[in-house]
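Visitor: I have a structure to go through with you. Can we take it residue by residue?

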Amino acid sequence: VDGNARVDIIMTAEGAKVIEVNPFMGGANMYKAVKLLTGVSLVEQGLRAMLGLRVDGGRKPTQVLDYRFIAARYTGHIQKISGLSRTRRFPGIRHVQMFMGAGDRVEAPQGDGYEDIGEIMSIGRTIQEAMERGYAALRRLHLRIFKDNGRVGRQTGAYLQPKKP
C-alpha cells in the first residue's frame with residue numbers, strides 16, 4: 001500500500017530507537033512540522049502516492065524542529081491568556097496555537113497524562129537550540145486560571161517543560 005506513514009521514535013543514551021510505524025499521516029499538526037522543514041505537503045503527497053503519481057520528496061532540512069504541547073497547571077476556567085503575540089515573534093518560533101481560550105475549562109495533569117491546551121514549534125541549527133528557543137518563548141506566554149477553589153492561579157506556557165533542555 002502506498003501513502004503516508006508515521007514513525008514514532010524515542011531518543012535514548014544509545015541513540016534513536018523506533019517505537020512503532022503506523023500507516024497514518026501523523027496526529028496533531030505534524031503535517032505542519034513536516035511542511036516547515038521540508039516544504040512537503042503530506043496531504044498532497046499522500047494522495048499522489050495512492051493515485052500512483054510521482055511523489056515529491058521535498059528539500060533536505062537545514063534546521064531541526066522541536067514540537068511541544070502546553071499544559072494547564074490548575075483545574076478551572078481560563079480567565080486570560082496574555083503574551084501570545086510576543087511568543088509568536090520570538091526568534092525561531094514557527095507556529096503557536098492555543099486550543100483553548102478565555103472561558104474554557106481546563107484540567108490539571110493527572111498522573112503521567114495532561115490535556116493539551118496549546119502547542120508550539122520552534123526551529124534551530126541543533127535540537128538544543130530549537131528546544132531552548134521554544135522554552136524561552138513559552139515563558140513569555142502567561143495564563144490566568146480561575147481555579148475550582150475560587151482562587152486565581154497564574155502560570156506560564158512553560159509549565160511542565162524541562163528547565164534546561
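Visitor: Where is Gly157 placed?
Guide: Gly157 lies in the segment after β9 (152-156); strands here are DSSP runs of E, at least two residues, and helices are runs of H or I, at least four, numbered from the N terminus. This is a predicted model, where local features need pLDDT of at least 70, side-chain atom pairs count only at pLDDT 80 or more, and totals for chains, interfaces and linings use all residues. Residues are numbered from 1 along each chain as its sequence is written, and side-chain values use heavy atoms, with hydrogens and water left out.

Visitor: Is Gly157 buried or exposed?
Guide: Gly157 counts as buried because its relative accessibility is 0%. Buried means under 20% relative accessible area, exposed over 50%, and partly exposed in between (1.4 Å probe, protein chains only).

Visitor: What is Gly157 in contact with?
Guide: Ile70, Leu138, Leu141 and Leu143, leaving aside neighbours within four places in sequence. Contact means heavy atoms within 4.5 Å.

Visitor: And how far is Gly157 from Ala72?
Guide: They are 85 residues apart in sequence and 8.1 Å apart in space, C-alpha to C-alpha.

Visitor: New topic. Where is Lys147?
Guide: Lys147 sits in strand β8. Leaving aside neighbours within four places in sequence, its contacts are Tyr74, Thr75, Gly76, Val152 and Gly153.

Visitor: What about Arg139, where is that?
Guide: Arg139 is in the loop between α4 (127-138) and β8 (142-147).

Visitor: Why does Arg139 count as partly exposed?
Guide: Because its relative accessibility is 41%.
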